[in-house]
Amino acid sequence: MISVSGLTKRFGRKVAVADLSFEVHPGMVTGFLGPNGSGKSTTMRCMLGLDRADAGQTLFDGTPYRSLAKPLHEVGALLDAGYVHPGRSARNHLRWVAASNGLPLKRADEVLETVGLSAAAGKRLRTYSLGMKQRLGLAGVLLGDPNTVILDEPANGLDPEGIRWIRDVLVYLAEQGKTVLVSSHLLSEMSLMATSLVVIGQGHLIEQCTVADFVDRYGDHWVRVQSPRVATLVEALQAGGAVIAQVDATTIEVRGPTTVDVGELAGRYGVVLHELSNQSGSLEDAFLKATASVQEYHSGVFTTTTSTFTDGTDGRRADVGGAS
Amino acid sequence: MINVLRSEWIKLRTIRMNLVLVVIAVAFPLIVSVLIAALNNNDEMNARDLLNAVQISSVVTAMLLGVIGAATITGEFGFGTIRTTFAATPKRMRVIIGKAIITVSLAMVVEGLVVLLSYNVGAAILTSRDRRIDLVDAPSGRPAIAGVILFAAIVALLGFGLGLLIRNTPTAVAILILWPLVVESIIGGILSAAGVDQPFKWLPYNAGISMANPDSFEGGLGRVGSGLYFFAVAGAITVFGALLTNRRDA
């Protein structure tokens, strides 16, 4: 388990990470989301002691990173696949990493095999594509068979097959009971592999919850109704204050009432329904909505982090409903 | 610590540029002393003259070893591998000490090899040309040989220290090379003109080179004193660089 508490990092006068606290639990993939420049990478560097945090601490199963004697056995991290010397071969790159933690040098070939790079093990890294470097980076993460895995944008530069592969690997690692924290801006990917989310904006925590809760809270929700006598329903619903979007002659999308409300109403008017279903937006919609609010926060509407943020969200949701 | 040393050794020997630099560092003084021994027609050429040539040409070796020393750390900052390094070994001082040990050891081994090869090959050529060559003729010969080796070790340390401080390969290497060639000459000249007695003894590189002087010399800081002074300067830069690196963001 990773616990981050009160993490703060300033670059000059700019606050990159502000009093950030969250927990990452074992046995599931936790997605680390935030717009560009929100402080995800800085947070990860601070967690690993690479950037010196101005305040706060990160504990890995109760131990700060700097106190780990052989950290690769505990935490595998991939911050940037480009952090390699272009003149070295993949095998030699992994060998020096392995040697630094007393791992046998043959581990280099083993993990290269795992990530499917055996054939290119002896090639110099300047010949590697970004996708191959990502695979190499993941090989580096696996070297010490760590219990905790931290990855910054691992799907960057991968082709669809590679993205699917990295997703499968991360889900597999989580199923093995490992703690997996992965940042990504590919939200559709995140929704496929992450169970839990940590969302930040402007260096502040916006939300820590499950993906389902997040979409529930921030995503767009509506009821889809299909009926041959849809016009009757529209009239009745609008009288009750619902916002209606006409999809086609027999289908409408209703925002406001629940499926129960619509069903009761249809029964009262004797309208036959062909479809009555709950619909919700994607994680991407939810993310954009949640982080758009951070911009409001940025412009000075909010004074504290979480509580006031929720108010802002509710306000926003009402705005969106009214507009559509 | 053993793990760090192994890791740093793998890093050092898996970069082709380092191999190229070592080959040049060994070959250059060797070629110079072969040419001097083979082409010199002066019947009076003795061990001291040969040592002089070895000492002068091995300054180039020391510089190249200093470049390796600088690049061993600036390369990591340049390519970002320092983050992988410090993530694997979060106690940064271990990494820094490990790198310093590997760099200085390599310098001593290579420079030792250079002196051994270039002196003995030169001597062998001269002997085959019926010139009597014997270290006994140069009373300061052995201390000077030790001085050459230590000089290279300190220049390598200086390169490493500058690299820690500056984090940028071209800048660190430029300072390493321009310092003795330009900066010390100018400062020494100015001090001389200002009437300072023996100004060069306080210029670190000059002090280092006099440690490797085959002539026994009087005045100045003495052979040991000059060497210690040069070492103190290189050591201070390295310690300062190490403290900064330990504190800064990687």
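Predicted model: local features only at pLDDT ≥ 70, side-chain atom pairs only at ≥ 80, totals over all residues.
Residues are numbered from 1 along each chain as its sequence is written, and chains are lettered from A and ligands numbered from 1 in the order in which they are written. Helices (H or I, at least four residues) and strands (E, at least two) are DSSP runs, numbered from the N terminus.

**Around α4(B)**

I listed the buried residues of α4(B): B:Thr81, B:Ile82, B:Arg83, B:Thr84, B:Thr85, B:Phe86, B:Ala87 and B:Ala88. Then I looked for what covers them. The cover includes β6 (75–78) and α2 (90–100) of chain A. It also includes α3 (47–79) and α5 (92–128) of chain B.

**The contact between the chains**

I counted two residues as in contact if their C-beta atoms, placed from the backbone, lie within 7 Å. Chain A gives 27 residues to the contact and chain B gives 24. On the side of chain A that touches chain B, α2(A) supplies the largest share, 6 residues. That side divides into 13 nonpolar, 8 polar and 6 charged residues. Here Ala, Val, Leu, Ile, Met, Phe, Trp, Tyr, Cys and Pro count as nonpolar, Asp, Glu, Lys and Arg as charged, and the others, Gly among them, as polar.

**Helix pairs in chain B**

I checked α3(B) against α5(B). Their axes come within 10 Å and cross at roughly 155°. I used axes fitted as lines to C-alpha atoms, for helices over the stretch in contact, with angles from 0 to 180 degrees between N-to-C directions. The two helices are therefore roughly antiparallel to each other. The cut-offs are under 35 degrees for roughly parallel, over 145 for roughly antiparallel, 65 to 115 for roughly perpendicular, and oblique for the rest. α3(B) passes α5(B) in a right-handed crossing. Their contact has 15 nonpolar, 7 polar and 2 charged residues.

Next I took α8 (residues 204–211) and α9 (residues 222–247) of chain B. They pack at an angle of about 140°, with axes 8 Å apart. α8(B) and α9(B) are therefore oblique to each other. Their crossing is left-handed. A crossing gets that name if the near helix is turned anticlockwise from the far one by less than a right angle, and right-handed if clockwise. From α8(B), the contact uses B:Pro204, B:Ala207, B:Gly208, B:Ser210 and B:Met211. From α9(B), it uses B:Arg223, B:Ser226, B:Gly227, B:Tyr229, B:Phe230 and B:Val233. These residues divide into 6 nonpolar, 4 polar and 1 charged.

**Cores**

Which residues have the most contacts inside the largest nonpolar core? I found B:Leu65, B:Phe151, B:Ala152, B:Ile154 and B:Ala156, in a core of 151 residues. Such a core is a set of buried Ala, Val, Leu, Ile, Met, Phe, Trp, Tyr and Cys residues joined through C-beta atoms within 7 Å. Helix α6 (residues 141–166) of chain B gives the most to this core, 18 residues. Another core lies apart from it, with 12 residues, among them A:Trp222 and A:Leu237.

Leaving aside neighbours within four places in sequence, B:Phe151 is in contact with B:Ala62, B:Gly208, B:Ile209, B:Met211 and B:Ala212.

B:Ala107 lies in α5(B). B:Ala107 is buried, with 29 other C-beta atoms within 10 Å. Not counting residues up to four places away in sequence, B:Ala107 touches B:Leu65, B:Ala152, B:Ala153 and B:Ala156.

**Positive phi in chain A**

Most residues other than glycine have a negative phi. I noted two with a positive value. Phi of A:Asp145 is near 45°. A:Asp145 sits in the loop between α4 (130–142) and β7 (148–152) of chain A, and counts as partly exposed because it has 15 C-beta neighbours inside 10 Å. Phi of A:Gln202 is near 50°. A:Gln202 is in the loop between β9 (196–201) and β10 (204–210) of chain A, and counts as buried with 20 such neighbours.
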